[in-house]
Amino acid sequence: MQKFKVLVMYILICTYILSSEIYSPRNDSEEKFLQNIRKKQLIVGGKSNYFNGEKIDGESLDSITEEMLTNYLGLNVKFETKSWKIEKEKFKNKEIDILTYLTYTEDFEKYALFSTSILSENLILVSKDKSINTIQDLNRVTINVVEGTIYEKFLKRLIQKNNLDLKYISVEKIDQNNMDTYVISNLNIIGNNNKLKLGRLPEASIAVLKEYPELLAIINNALEEKYSKKINDWLEKRKEKNIQNFNK
């Protein structure tokens with residue numbers, strides 16, 4: 001009987017360890033790095049004008065990222081969400097250690113290491129009051145775009161490349177209900193207005209300061225093990241929800 005109890009206890013302990021929702025370091029170097037980095041508070045910056053805070057079934061992209069960094073990796077992190085322009089500047093000045101959902105640019109490659117891709121986006125022009133079928137239809141059109149984003153940079157290059165005579169207005173946030181013409185991610189479009197695909201954007205990732213290559217490797221492991229799937233599942237749920245809301 002005593003041997004049976006010991007066996008049952010052993011099985012329960014093994015089951016608990018195997019099912020534990022805590023990252024298991026892959027080598028001694030990772031374990032040592034985690035022990036040290038957990039003593040420091042890391043600042044994580046996010047977007048205030050993105051859909052990352054939107055909740056579906058009680059979860060958002062922000063809460064999934066927080067779960068990965070805090071619960072799964074056991075890091076001591078403090079999240080802040082301000083204007084994206086401010087957050088990126090603070091990251092460049094090393095006042096922020098991690099940025100969520102940052103799109104790769106050559107400028108940021110000087111400061112950041114990028115995780116494996118989390119999501120991909122197409123840049124879409126939406127017009128409520130004008131039929132736009134080709135790039136040349138953008139001549140003499142006024143377009144709203146969020147200031148300091150990859151969308152604005154992409155639009156500038158598009159204007160130069162195609163010698164377009166258009167005006168764009170840099171805004172803090174796109175108001176899809178009250179703006180007639182704007183550029184936006186395909187992941188954020190509401191409704192069925194006239195649309196023109198302008199191009200595919202570089203994929204978004206989690207970015208860490210260049211001082212943390214070990215942290216980047218661990219984040220990539222966590223994404224591979226669990227969180228890339230969790231993020232993709234959330235994006236699919238969001239897509240289905242948007243379709244259902246539009247069809248109501």
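Is Gln 176 buried or exposed? Gln 176 is buried, at a relative accessible area of 14%, where buried means under 20%, exposed means over 50% and partly exposed covers what lies in between (1.4 Å probe, protein chains only). Before going on, a word on what you're looking at: this is a predicted model, in which local features need pLDDT of at least 70 and side-chain atom pairs count only at pLDDT 80 or more, while totals for chains, interfaces and linings use all residues. Residues are numbered from 1 along each chain as its sequence is written, and side-chain values use heavy atoms, with hydrogens and water left out.

Back to Gln 176. You'll find Gln 176 in the loop between β7 (167-171) and β8 (181-185); helices (H or I, at least four residues) and strands (E, at least two) are DSSP runs, numbered from the N terminus. Its side chain makes a polar contact of 3.3 Å with the side chain of Tyr 182. That term stands for a pair of N or O atoms within 3.5 Å; within protein, one must be able to donate a hydrogen and the other to accept it, and residues adjacent in sequence count only if both atoms are side-chain atoms. Setting aside residues up to four places away in sequence, Gln 176 touches Lys 128, Tyr 182, Ile 184, Asn 188, Ile 189 and Ile 190, a contact being heavy atoms within 4.5 Å.

Another loop residue to look at is Asn 139, which sits between β5 (122-127) and β6. Asn 139 is buried too, with a relative accessible area of 15%. Its contacts, again not counting residues up to four places away, are Lys 130, Asn 163, Leu 164 and Asp 165.

Now for the nonpolar interior. A nonpolar core here is a set of buried Ala, Val, Leu, Ile, Met, Phe, Trp, Tyr and Cys residues joined through side-chain atoms within 4.5 Å. The largest one has 46 residues, and those with the most contacts inside it are Leu 69, Leu 73, Leu 75, Leu 119, Leu 215 and Ile 219. Among the elements that give it two or more residues are α2 (28-37), β1 (41-47), α3 (61-72), β10 (204-209) and α7 (213-247). Helix α7 supplies the largest share, ten residues. Take Ile 219: leaving aside neighbours within four places in sequence, Ile 219 is in contact with Met 68, Leu 69, Leu 73, Ser 115, Ile 206 and Val 208. There's also a second, separate core of 19 residues, which includes Val 141, Ile 150, Phe 154 and Val 183.

Strand β10 holds Ala 207, which is buried at a relative accessible area of 0%. Neighbours within four places aside, the contacts of Ala 207 include Phe 91, Leu 99, Leu 102, Ala 112 and Phe 114.

Next, helix α3. Its twelve residues reach 15 Å from the first C-alpha to the last, close to the 16 Å expected at 1.5 Å a residue; the expected span is 1.5 Å times one less than the number of residues. Among its buried residues are Leu 61, Asp 62, Glu 67, Met 68 and Tyr 72. After α3 comes Gly 74, with a positive phi near 70 degrees.

That leaves the charged pairs. The whole structure has 16 salt bridges, each a side-chain nitrogen of Lys or Arg within 4 Å of a carboxyl oxygen of Asp or Glu. In one of them, the closest N and O atoms of Glu 54 and Arg 238 are 2.9 Å apart. Glu 54 is in the loop between β1 and α3 and Arg 238 is in helix α7, 184 residues apart. Glu 54 is partly exposed at 25% relative accessibility, whereas Arg 238 is buried at 7%.

Asp 57 and Lys 237 form a salt bridge as well, at 3.4 Å from N to O. Asp 57 belongs to the loop between β1 and α3 and Lys 237 to helix α7, so this pair ties together parts 180 residues apart in sequence. Here Asp 57 is exposed at 65% and Lys 237 partly exposed at 38%.

Elsewhere, Lys 85 and Glu 147 meet at 3.1 Å, N to O. Lys 85 lies in helix α4 and Glu 147 in the loop between β6 (142-146) and α6 (150-162), so parts 62 residues apart in sequence are tied together. Finally, a network of salt bridges links Glu 21, Glu 59, Glu 67, Lys 226 and Lys 230.
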